[in-house]
Amino acid sequence: MTKNKVADLLVDVLEQAGVERIYGVTGDSLNGIADSIRRSKRIKWIHVRHEEAAAFAAGAEAHLTGKLAVCAGSSGPGNMHLINGLYDCYRSRVPVLAIAAQIPSHEIGSGYFQETRPEHLFAQCSHYCELVSQPEQMPRVLEIAIQSALARRGVSVVAIPGDVALREAVAQGPRLHFPEPKPTVCPSEEEIKILAEVLNRSKKITILGGAGCAGAHAELIELAGKLNAPIVHALRGKEFIEYDNPFDVGMTGLLGFSSGYYAMMNCETLLMIGTDFPYQQFFPENATVIQIDVRGEQIGRRTKVDFGFVGDTKSTLRALLPKLEQNQHEAHLKESLDHYRKTRAGLNALATADSGKKLIHPQYVALVLDELAAKDTVFSCDVGTPTIWAARYLTMNGKRRLLGSFTHGSMANALSQAIGAQASYPGRQVISMCGDGGFSMLMGDLLTLRQHELPVKVVVFKNNSLAFVELEMKAAGILDFATDLHNPNFAKIAEGAGLLGLAPETPDQVAPMIAQALKYDGPALVEIPVPSQELSMPPTIAYEQAKGFSLFMLRAVLSGRGDEIVNLARVNLLR
């Protein structure tokens with residue numbers, strides 16, 4: 001395309017960087033850029049209904065592809081709506097560029113209509129954020145932004161006033177190319193020797209792996225075999241660690257279950273690899289702790305660390321493995337695996353259809369999804385209980401992917417991320433596991449599925465409550481308050497939006513309706529009523545939590561809500 005305007009040059013640079021989609025909502029300050037995108041033969045505009053959804057969608061694309069993804073918002077409110085989704089991208093470390101349109105340049109500082117300061121607004125959720133105030137800054141500022149997002153695996157923001165976008169371009173084309181950076185980082189030879197010596201003299205070793213283990217599955221499994229070590233995974237590491245793994249003992253943490261907790265608490269040496277697992281109370285107090293992470297600033301910030309090494313997982317393990325001796329002590333691994341088998345059986349026992357009853361357990365819904373979904377399905381899950389069911393019942397196999405707001409912990413992520421996943425992989429099955437709270441927060445983007453013919457399958461766990469928040473209140477001994485949701489019929493809303501809407505009412509209807517939705521040639525929504533008290537506790541109960549539940553029960557009785565105690569009978573206390 002011609003590069004007469006700054007907007008044209010911006011689009012040309014994005015084309016050269018391999019960008020295929022821009023997610024956003026148009027507005028007058030974006031008009032010049034939108035017109036250039038309209039004339040582009042390589043970039044498609046994905047018109048979402050809320051800018052927050054645009055940022056989440058771009059983050060999902062970046063997570064799945066590893067490539068730069070782009071979102072855009074117009075001046076003022078359009079910019080601000082991007083912030084939450086961009087914060088998630090920033091904390092999930094995925095390369096995303098946000099184009100933040102700005103008011104006319106000559107009005108900046110006058111308190112003009114929709115005036116904000118993007119360079120300040122985005123400062124805390126970006127690695128690079130600059131204002132383009134003159135045509136001479138383009139394409140250099142944009143190229144620095146792209147390179148920063150790719151190199152630092154994070155967010156860059158380019159703010160550009162609408163009038164500047166429409167000015168004559170000074171430069172004639174892109175200056176840089178953006179090959180995917182593939183650096184290797186490995187501890188020194190002396191450090192590898194120290195690491196090997198520590199592990200060789202250790203007996204009961206447990207590995208805790210996270211998202212930093214991506215791309216190093218073979219090395220990780222070989223390491224566990226050498227060390228006779230059970231592998232516990234953090235949630236963000238599930239899709240990279242769980243599959244084809246004879247050493248897997250599940251998760252730990254607030255969303256995990258007891259076998260992962262057991263393996264960590266009963267080890268003599270804990271080897272942390274590529275994880276910034278945040279919950280201090282789930283780390284062993286007396287074990288020797290070793291941490292390997294490509295980001296040195298993360299070493300030791302969660303628990304005391306006896307040995308810390310800066311390196312990426314693949315390079316570090318490749319250097320380490322030849323120096324390791326075969327650990328002859330098998331008892332810890334066998335005990336941990338046995339504990340996992342029993343825990344897994346207990347979890348599966350909860351995922352039943354309860355034939356003859358009307359109650360639909362969310363665990364059963366998740367298990368049905370796992371069984372019926374394709375081998376390469378991309379799942380997204382809302383925070384709270386949908387994340388619990390995804391973590392416990394979805395089976396990863398090396399082809400499936402799992403998206404969520406696992407670090408930022410934002411509501412309303414699942415549907416928006418599904419948009420980005422489906423737009424990036426139009427021929428792939430995408431399933432969004434939504435809570436009714438998160439879904440209703442950005443429900444308007446159901447219309448995006450219809451408008452862009454994105455065949456996402458949305459499964460809404462409808463418990464008419466902010467269930468995880470309710471659990472947190474009860475654990476603190478507080479009567480739950482302001483967590484109830486007065487919901488509409490989501491299936492009928494979906495039908496009104498042009499989607500297939502289904503609503504099973506009994507357990508025996510769940511599998512057939514989910515199967516129908518998955519086979520449907522287009523977007524579909526399945527609304528499934530589940531009990532609000534189908535809650536899940538962490539793998540260990542602290543004294544304060546037990547005390548909190550006791551206080552809750554006493555207060556519930558005194559306030560005339562004693563029936564809630566009965567409803568808690570199915571709370572999942574797996575120890």
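Mentor: Let us take Arg 401, which is buried, with a relative accessible area of 16%; buried means under 20% relative accessible area, exposed means over 50%, and partly exposed lies in between, with a 1.4 Å probe and protein chains only. This is a predicted model, in which local features need pLDDT of at least 70 and side-chain atom pairs count only at pLDDT 80 or more, while totals for chains, interfaces and linings use all residues. Residues are numbered from 1 along each chain as its sequence is written, and side-chain values use heavy atoms, with hydrogens and water left out.

Arg 401 belongs to strand β14 (residues 401-404); helices (H or I, at least four residues) and strands (E, at least two) are DSSP runs, numbered from the N terminus. Leaving aside residues up to four places away in sequence, Arg 401 touches His 63, Leu 64, Glu 239, Phe 240, Thr 377, Val 378, Phe 379 and Arg 428, where contact means heavy atoms within 4.5 Å. With one of these, Glu 239, the side chain of Arg 401 makes a side-chain polar contact of 2.6 Å. A polar contact is a pair of N or O atoms within 3.5 Å; within protein, one must be able to donate a hydrogen and the other to accept it, and residues adjacent in sequence count only if both atoms are side-chain atoms.

From Arg 401 we may turn to Tyr 262, which is 139 residues away in sequence and 27 Å away in space, C-alpha to C-alpha. Tyr 262 is one of the residues of α11 that meet α13, together with Ser 258, Ser 259 and Ala 263. On the α13 side, the partners are His 332, Glu 335, Ser 336, His 339, Tyr 340 and Thr 343. The residues of this contact divide into three nonpolar, six polar and one charged. Here Ala, Val, Leu, Ile, Met, Phe, Trp, Tyr, Cys and Pro count as nonpolar, Asp, Glu, Lys and Arg as charged, and the others, Gly among them, as polar.

Elsewhere, Gln 114 lies in the loop between β4 (96-102) and α5 (118-121). Gln 114 has a positive phi of about 65° although it is not a glycine, and at 28% relative accessibility it counts as partly exposed. In another loop, between β5 (128-131) and α6 (140-152), one finds Pro 139. The peptide bond leading from Met 138 to Pro 139 is cis, with omega near 20°.
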